[in-house]
Amino acid sequence: MTRTTDLPWEEISRRIELQMLNAGIRSTADLSRRTGLNRSTLSLKMTGVRRWRIADLGIIAAALSTSVGYLIGEVEDPRSAPVVADADADTETVLVPTAEFARRLTFLDASAPSMVGQVSDHEVLFALSDLEEVADEFNVPLSYLTEFGDDQDADRVEALVEFSRVAAASGVQRIAARSLSALSAAELRALTQVIGTR
């Protein structure tokens, strides 16, 4: 299920435009290049023709050095943590390094160009529930979006995603998942290469 937001599109677009100005981004075309999001789709969302997805807002927030919480109106300070307005709410948050998070989101959205080097290298708090939605949308473990200390785990997840993409594109319909769980990232990539050359 794709998570969207109920905040009026005008307010989301206004907040994005303010952060674009702060970042020196002059147009949606520039924002599209920086985020890797499709320019036409971005324009449709900025004008309210299409609804915003939380995953897209995560990519935009990373590129603009702000939080999803700010973009969807949960907080008023663009540099603050995305917490809900209700102080009594139990919202778990996760601190993520912006540049690596942007790299991982760009990897997951295979159609997007790389955002590496286009976002500042600081940390942003995300609501755990938002990250769970993104993980579900891309069918990756939540740890891929919340744990940034172990590059081997991230490498293995990426190898598995690459394998799944190539297998689907090659028409492979059934794979014994238990056999894949025992393979290393290098072994998965070798198998991906074999399937991709069929």
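1. Start with Glu100 and Arg103, whose side chains meet in a salt bridge at 2.9 Å, N to O; by salt bridge I mean a side-chain nitrogen of Lys or Arg within 4 Å of a carboxyl oxygen of Asp or Glu. Both residues lie in helix 6 (residues 98-108), 3 residues apart, about one turn of the helix. That spacing makes sense, because an α-helix has 3.6 residues a turn, so residues three or four places apart point the same way. Helices here are DSSP runs (H or I, at least four residues), numbered from the N terminus.

2. A word on the basis. This is a predicted model, in which local features need pLDDT of at least 70 and side-chain atom pairs count only at pLDDT 80 or more, while totals for chains, interfaces and linings use all residues. Residues are numbered from 1 along each chain as its sequence is written, and side-chain values use heavy atoms, with hydrogens and water left out.

3. How exposed are the residues involved? Glu158 counts as buried at 8% relative accessibility, whereas Glu100 is partly exposed at 23% and Arg103 is partly exposed at 24%. The cut-offs are under 20% relative accessible area for buried, over 50% for exposed and partly exposed in between, with a 1.4 Å probe and protein chains only.

4. In total there are 11 salt bridges. Another one worth a look joins Arg53 and Glu137, at 2.3 Å, N to O. Here too the pair links distant parts of the chain, 84 residues apart: Arg53 is in the loop between helix 3 (39-46) and helix 4 (54-63), and Glu137 is in helix 7 (residues 128-138). Arg53 is partly exposed at 24% relative accessibility, and Glu137 is partly exposed at 24% as well. Which residues belong to the network around them? Lys45, Arg53, Asp56 and Glu137 are linked by salt bridges.

5. Helix 1 (residues 9-23) has Ile12, Ser13, Arg15, Ile16, Gln19 and Met20 as its buried residues. They sit on the same side of the helix, because they cover an arc of only 160° around the axis, taken from the directions from the helix axis to the C-beta atoms. The face turned away from this buried side carries the exposed Leu21 and Asn22. What covers the buried residues includes helix 2 (28-35), helix 3, helix 4 and helix 5 (68-71), with contact meaning heavy atoms within 4.5 Å. Just after the helix, Gly24 takes a positive phi of about 75°.

6. Back to helix 9: its buried residues are Ala154, Val157, Glu158, Ala159, Val161, Phe163 and Ala167. Gly171 follows the helix, with a positive phi near 85°.

Notes: Helix = DSSP H or I, 4+ residues; strand = E, 2+ residues; numbered from the N terminus.
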